Amino acid sequence: MTRTHRRRRWFLAAAPLGVLVALTLAQPALAGTATLNQPESPNAQSIDSTYRAVLGVTVTIFVLVGGWLVYSAIRFRERPGREYPDPPQVRGSTRLEIGWTIVPILILVGLSAFTFYKLPKVEDVPKGAMQIGVTAQQYSWTFTYPNGKHPAGPNTLVVPVDTPIHLNMHSKDVVHDFWVEQLGQKQDVFPNRITHTWFQADKIGNYDGQCAEFCGSGHATMTIVVRVVSKEDYLRYMSTKATT
Amino acid sequence: MATAATPAQAFPAPSGSTLRSWITTVDHKRIGLLYLLVTMFFFLTGGLMALVIRLQLETASGTVVSAETYDQIFTMHGTTMVFLFVVPVMAAFGNYMVPLQIGARDMAFPKLNAASFWLLLFGGLTMYSSFAFGGAPDAGWTGYPPLSIISAGHGIDFWIVGLHILSLSSILGAINFICTIHNMRAPGMRLTRMPLFTWCIDFYSIMIVAALPVLSGALTMLLLDRNYGTHFFTANGGNPILYQHFFWFFGHPEVYVVALPGFGMISEILPVFSRKPIFGYKALVYSIAAIAFLGFLVWGHHMFAVGFSTPVDIWFMIASLAIAVSTGVKIFNWIGTLWMGRIRYEPPMLFAVGFILLFMIGGLSGVFLAIFSIDLQVTDSYFVVAHFHYVMGSIPVFAVMGGLHYWYPKMTGRMLNRSLGIWSFWVLFVGFNMTFFPMHAMGLSGMPRRISSYPQHPGWERMNEIATLGSFVISLGVLLIVYNCLTSLRNGRVAGDDPWRANTLEWYTSSPPPAHNFDSLPPIRSERPLADLRAEAAEAAG
């Protein structure tokens, strides 16, 4: 075995290891860019764990299959100045092809099963949720509280912490979409139709969101802030500010 | 050589290279070149608009153009790239190559073929004339009502009429391809021996015929809603969601309309430059057929945020994942073709291998969008923009450019400059990933698509700066290709009939082929007639 051959072998063994080390080191840098923003509601957390499972599986597939592709592409390249015989004229392999049809099916069945397992927490609204009305229009959000008032002004929703909130939404004009990423999934908002979504914020703080369905020239300005406050603060807020 | 008059000769077009001869041509090769010229022009136009989009988003305040102009630009960017570039550019190569690959004299209906081309040009011009008549369409390339109904001015009307003309162009072209492929194959060219690119154009055409009329119907209803007081999709009395069903019933098959011919090009290039037959020819044809069928069953995955009942969500999720399996089969078969091959890295091969890698990223990010709970977080965000550019963008920029480098010698008789080709591949590969990979992260951190500014999120600026820089790197790569194509017309090395030692019939005739395509045809006993010829010659030589 020549020296260059040995060096190449060594490189081939080291390359996957290097990728692994790089991935581990890069993990802090990847947080928040490779994953969804920190979820703060049971539905968002459930989606987040489904996301992470799929991310793990797809990145593994990419490293393995992409690695196989890059390895084949480099390993079997013709080098200039050498004569090569024609390679064996293989036309296929039924056994291999059945194999690489069935394995992806099994992987996807597994991912689907995990999705279904996590699904109830995404879709099922807890009992006794606080009902809040949402009216979307070009280009603002109005929130109507259980007492019929909407005290916080447009685009700001004030809710108590650890309380399930059920939103009943409709639009006055075109299609909009309610999306506050840390509090869970998107939901389109239509004229002449009520759509629903829910969340239960488990941490006090402000959560940014915005309209996610293109709705016209002011689309970018149609922001949402969900202010999650303590239950006491919420009661105090409602009694003093509930004026409109 | 005296031959019986064929239909095309019964109406002879003037030959030579006068302008009149090009305008009146019914030769499939010339029409293919006209298609290529016009689609490349629209590609550059759509690319310029992409640069405006990227400049606008480079800073959080977005001050390059107004929000209104921005809406028109991203609408026209999407519409141009989909309807005036990626779909018709496949017709460019299909027109030029399909009759040659099956050993035919021309397309089945040469004059209809010319009509398809001119409709494409006039459809494009109709849509673009909106800029001169009070403003371009501004409701996105998807044109969702009620927004597209209440949109002021006539931009949307130009969009609808333009798309009608383009649909007609595509449908007529597709019928022509189907008739040609199923009726005009040379003796011995059984379906099971057809080149994979021709197979892909066959399924491309079948999908166009099945999907585009649905779009045309929906657009007609939209036009009536806008101008004649009907209520198909209006907020009061109509159903805006119905439009989304129609649109995506067309729109998702459209993705495969674009993807299949790209797959076909890759499946032509890989065996030639690996010196091996394609791995699993039949499995590839079956998976193409499966994709063409399943493509019609998955449209709802574009609409999860509408709020379906759970069983409907589950159906669209399972059907979408099934497509991932048949796409996976292709990728494995392509790598199987490389395995143990003797790979020669000419530019077409670099583009092909690069395409597989990028398409894998697009395919895997598609799994996130098929799983509806995850989709509800990432849909309508930049994650989707990243995903569809890794799919719909990697096909034209890598598969089609691979095809262009592969077939340019056949079309012009000249080779493209090799080192310039290699340079343009690497520049495009780096630029493409710089532009679109960070968009996954933008979407995950909450950036919705189609916003013209994001002043409340200065944290998104860094990722956007990288993407903007990348888009200029892509532009450089595209300019290199354009420069290469133009200068090689004169300066390129003379190609000869078969510079790549290829397998399929188009390489049997001269480069460029004569108007009648073939003086004679070799016996066709497999999907690689020219490889068979070489093997016979080698045997005869001992």
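Q: Two residues count as in contact when their C-beta atoms, placed from the backbone, lie within 7 Å of each other. On that basis, how many residues does the contact take from chain A and chain B?
A: Chain A gives 67 residues and chain B gives 66. Keep in mind that this is a predicted model.

Q: Which helices of chain B supply at least two residues each to the side that touches chain A?
A: They are α4 (67–101), α6 (147–150), α10 (281–294), α11 (310–338), α12 (347–370), α13 (372–378) and α15 (418–444) of chain B.

Q: Which one has the largest share of that side of chain B?
A: That is α11(B), with 12 residues.

Q: And how do the residues on that side of chain B divide into nonpolar, polar and charged?
A: There are 42 nonpolar residues, 16 polar ones and eight charged ones on the side of chain B that touches chain A.

Q: You listed α12(B). How many of its residues are buried?
A: Of the 24 residues in α12(B), 23 are buried, and the helix is mostly covered. From first C-alpha to last, α12(B) reaches 34 Å, which is close to the 34 Å expected at 1.5 Å a residue.

Q: Over to chain A. What is the strand order in the open sheet of four strands?
A: The order is β2-β1-β4-β7 in chain A, and the pairing is mixed.

Q: Why is one side of β2 and of β7 left without a neighbour in the sheet?
A: β2 (140–144) and β7 (195–199) of chain A stand at the edges and each has a single partner strand, so one side of each has no neighbour in the sheet. From one strand to the next, the twist averages 25 degrees.

Q: In which sense do β4 and β7 of chain A pair?
A: β4 (residues 165–171) and β7(A) are antiparallel, with five bridges between them. One of the pairs is His166(A) with Trp198(A) in β7(A).

Q: Which side chains of β2(A) are buried?
A: Trp141(A) and Phe143(A), which point to one face.

Q: Why does Phe143(A) count as buried?
A: Because it has 23 C-beta neighbours inside 10 Å, and the cut-off for buried is 20 or more.

Q: What does Phe143(A) touch, leaving out residues up to four places away in sequence?
A: Ile132(A), Val134(A), His150(A), Ala152(A) and Leu157(A). As for Cys215(A), 72 residues apart from Phe143(A) along the chain, the two C-alpha atoms are separated by 19 Å.

Q: Which strand is joined to β3(A)?
A: β9 (residues 223–229) of chain A, running parallel to β3(A), with five bridges. Thr156(A) has Val225(A) in β9(A) as its bridge partner.

Q: Changing topic: what is the phi of Asn155(A)?
A: Near 70 degrees, a positive value in a residue that is not glycine. Asn155(A) lies in the loop between β2 and β3 (156–160) of chain A. With 18 other C-beta atoms within 10 Å, Asn155(A) is partly exposed.

Q: And Asn517(B), what is its phi?
A: About 75 degrees, also positive and not a glycine. The loop between α16 and α17 of chain B holds Asn517(B). Asn517(B) counts as buried because it has 21 C-beta neighbours inside 10 Å.

Q: Last one: which peptide bond in chain B is cis?
A: The bond from Ser511(B) to Pro512(B), with omega near -10 degrees. Pro512(B) lies in the loop between α16 (461–491) and α17 (529–540) of chain B.

Note on methods:
Residues are numbered from 1 along each chain as its sequence is written. Chains are lettered from A and ligands numbered from 1 in the order in which they are written. This is a predicted model: local features need pLDDT of at least 70, side-chain atom pairs count only at pLDDT 80 or more; totals for chains, interfaces and linings use all residues. Two strands pair if DSSP finds at least two bridges between them. Axes are lines fitted to C-alpha atoms, for helices over the stretch in contact, and angles run from 0 to 180 degrees between N-to-C directions. A residue is buried if 20 or more other C-beta atoms lie within 10 Å of its own, exposed if 12 or fewer, and partly exposed in between; C-beta atoms are placed from the backbone. Ala, Val, Leu, Ile, Met, Phe, Trp, Tyr, Cys and Pro count as nonpolar, Asp, Glu, Lys and Arg as charged, and the others, Gly among them, as polar. The expected span of a helix is 1.5 Å times one less than its number of residues.
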